[in-house]
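Let's take a walk through this fold, strand by strand and then into its middle. Keep the picture open while you read.

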Amino acid sequence: MFWYFIFFPIVGMVIIIIVAVLLGKRDRKKEAIKMEENKKNLLSSNPTQAVLQYLDNNKEISEYTFINLEISKTKFDILYISKKGIFIIYPLNNEGIINGEVNEENWLNKTHDEFVLKNPMYNNGKDIEVISNITSLQSGIYSIAVCTCASEINIIDKDEEYNVCKLEELKEVISSYPDIISENDLVIYYNNIVNASSQGE
């Protein structure tokens, strides 16, 4: 009779633990699915924030980051300074396949249909000139179009100054540039840009 009072509570505890473990696994799976959905929503609905989050998760390639920066009536979605140079980043959330040439005004974007996509780097000489004037840098200012949702990118004539990549390739692309800016100059350029933006130059 004594075993009755020991056996059933133990069995009950084992059942409770098994149920708790199974429910915990189910909840973790639901949470993982929810996080993946949130990530996809961020990539498509807010590509700028997706790129910022990516840079934040890869601190070793990013020193100073600016978002929605406006200088001399020129607006930069993302501008950041690192030892690798100053990068003007154009986030794109287009899905499907992107075809074109880096110096063409328009690219083709194929999903279930085909439509024209404005090349964000076309005629961006003014953007580069604004940053060059503020920092006195004559080289080391680069433009990158970052595609957060594209399944395939076929852009011809990508070079050092103008590049196009998927979000998950951004670290590799940036890391391929040589270090050209010293720690001291990083601070100077950062302060120059902050001053220029606050003065509305």
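β4 and β5 (residues 106-110) run antiparallel and are joined by 3 bridges; two strands count as paired if DSSP finds at least two bridges between them. Helices (H or I, at least four residues) and strands (E, at least two) are DSSP runs, numbered from the N terminus. Before going on, note that this is a predicted model: local features need pLDDT of at least 70, side-chain atom pairs count only at pLDDT 80 or more, and totals for chains, interfaces and linings use all residues. Residues are numbered from 1 along each chain as its sequence is written, and side-chain values use heavy atoms, with hydrogens and water left out.

Back to β4 and β5: they make a hairpin with 4 residues between them, and I98 has N109 as its bridge partner in β5. On β4 (residues 96-101) there is also a parallel pairing, with 6 bridges to β8 (residues 150-156). There, G96 sits opposite A150.

Now for β2, which has antiparallel pairings with β1 and with β3.

| Pair | Bridges | Residues facing each other |
|---|---|---|
| β1 and β2 | 7 bridges | E70 and K75 |
| β2 and β3 | 5 bridges | S82 and G85 |

The hairpin of β1 and β2 has 2 residues between the strands, and S72 in it takes a positive phi near 50 degrees. A hairpin through 2 residues also joins β2 to β3. How enclosed is β2? Largely, because 7 of its 9 residues are buried, where buried means under 20% relative accessible area, exposed over 50% and partly exposed in between (1.4 Å probe, protein chains only).

Next comes α5 (183-199). Its 17 residues should span 24 Å at 1.5 Å a residue, and its end C-alpha atoms are 25 Å apart, which agrees; the expected span is 1.5 Å times one less than the number of residues. L186, Y189, I193 and A196 are buried in α5. Seen down the axis, the buried residues fall within an arc of 105 degrees, so they line one face of the helix; the arc is that of the directions from the helix axis to the C-beta atoms. They pack against β1, β2, β3 and α3, with contact meaning heavy atoms within 4.5 Å. On the other side of α5, N184, S198 and Q199 are exposed.

Finally, the largest nonpolar core has 32 residues, and I193 and V164 are among those with the most contacts inside it. Such a core is a set of buried Ala, Val, Leu, Ile, Met, Phe, Trp, Tyr and Cys residues joined through side-chain atoms within 4.5 Å.
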